[in-house]
Structures are given as C-alpha cells and as structure tokens.
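Please open the structure in the viewer and keep the selection panel at hand.

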Amino acid sequence: MTRNMANSDRIIRFIIAAVAAYLYFSGTLTGTLGIALLIVAAIFLLTSFISFCPLYAIFGISTCKVKQ
C-alpha cells in the first residue's frame, strides 16, 4: 500500500473519530445512528494510522505530496 494521505488528512480524521466516539459514549447519539457513527469513526482511525484510504485509491486521489 502506498501512502496517499497527508498529515492534515490524518489529523482531521482523528479529530472527527474522537468527537464521534465522545458523542456515542456520552449517550448523546444512541441507537442505529450512534452505532453507524462509531463504525465510521473506527474506519477513520484505522485509515489515519496507516495513512492509506481505499476510497482515495479507487478514485486516484492522493493528498500526500511525497510519493513513497
């Protein structure tokens, strides 16, 4: 897997995942919407840790300035 996410993308995804997890575990979002948001947050965390987004690869997008 070639890195296709810049650090700014990684930070934004991490922040969104943290907010989503907080909303779920604080009880603000519950039910199906809360679970769906938690799953998206987990995907965001995973993609931010590995610096690779499969959707970016499918559409040929790369926000990473340096190809590795």
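Begin with α1: the cover over its buried residues includes α2 and α3. Helices here are DSSP runs (H or I, at least four residues), numbered from the N terminus, as strands (E, at least two) also are. This is a predicted model, in which local features need pLDDT of at least 70 and side-chain atom pairs count only at pLDDT 80 or more, while totals for chains, interfaces and linings use all residues. Residues are numbered from 1 along each chain as its sequence is written, and side-chain values use heavy atoms, with hydrogens and water left out.

**Helix α1**

Select D9, R13, A17 and A20, which are buried in α1; buried means under 20% relative accessible area, exposed over 50% and partly exposed in between (1.4 Å probe, protein chains only). Viewed down the axis of α1, the buried residues fall within an arc of 65 degrees, so they line one face of the helix. The arc is taken over the directions from the helix axis to the C-beta atoms. An α-helix has 3.6 residues a turn, so residues three or four places apart point the same way.

Now turn to the face of α1 directed away from its buried side, where I11, Y22 and F25 are exposed. The expected span is 1.5 Å times one less than the number of residues. After α1 comes G27, with a positive phi near 90 degrees.

**Rings and a charge**

Which two rings pair in this model? Select Y24 and F25: their ring centres are 5.1 Å apart and their planes lie at 80 degrees, so the pair is edge-to-face. Rings of Phe, Tyr and Trp (its six-membered ring) pair if their centres lie within 6.5 Å; planes under 30 degrees apart count as stacked, over 60 as edge-to-face and the rest as tilted. The count under this rule is one aromatic pair. Y24 is partly exposed at 26% relative accessible area, whereas F25 is exposed at 64%.

Return to R13, which lies over the face of F44, at 5.1 Å from the ring centre. R13 also lies over the face of Y56, at 5.4 Å from the ring centre. Such a charge has NZ of Lys or CZ of Arg within 6 Å of the ring centre and within 35 degrees of the ring normal.

Select residues 31-50, the 20 residues of α2, which reach 29 Å from first C-alpha to last, close to the 28 Å expected. G34, A41, T47 and S48 are buried in α2. They cover an arc of only 150 degrees around the axis, which puts them on the same side of α2. On the other side, T32 and L46 are exposed. The cover over the buried residues of α2 includes α1 (7-25) and α3 (54-59).

Next, select S51 in the loop between α2 and α3. S51 has a positive phi of about 60 degrees although it is not a glycine. S51 is buried, at 6% relative accessible area, and touches R3, N4, M5 and R10, not counting residues up to four places away in sequence; contact means heavy atoms within 4.5 Å.

**Cysteines**

Finally, select C53 and C64. With a disulfide defined as a pair of cysteine sulfur atoms within 2.5 Å, the count is zero. C53 is in no disulfide, and the nearest cysteine sulfur, that of C64, is 13 Å away. C53 is buried at 6% relative accessibility, and C64 is buried at 11%.
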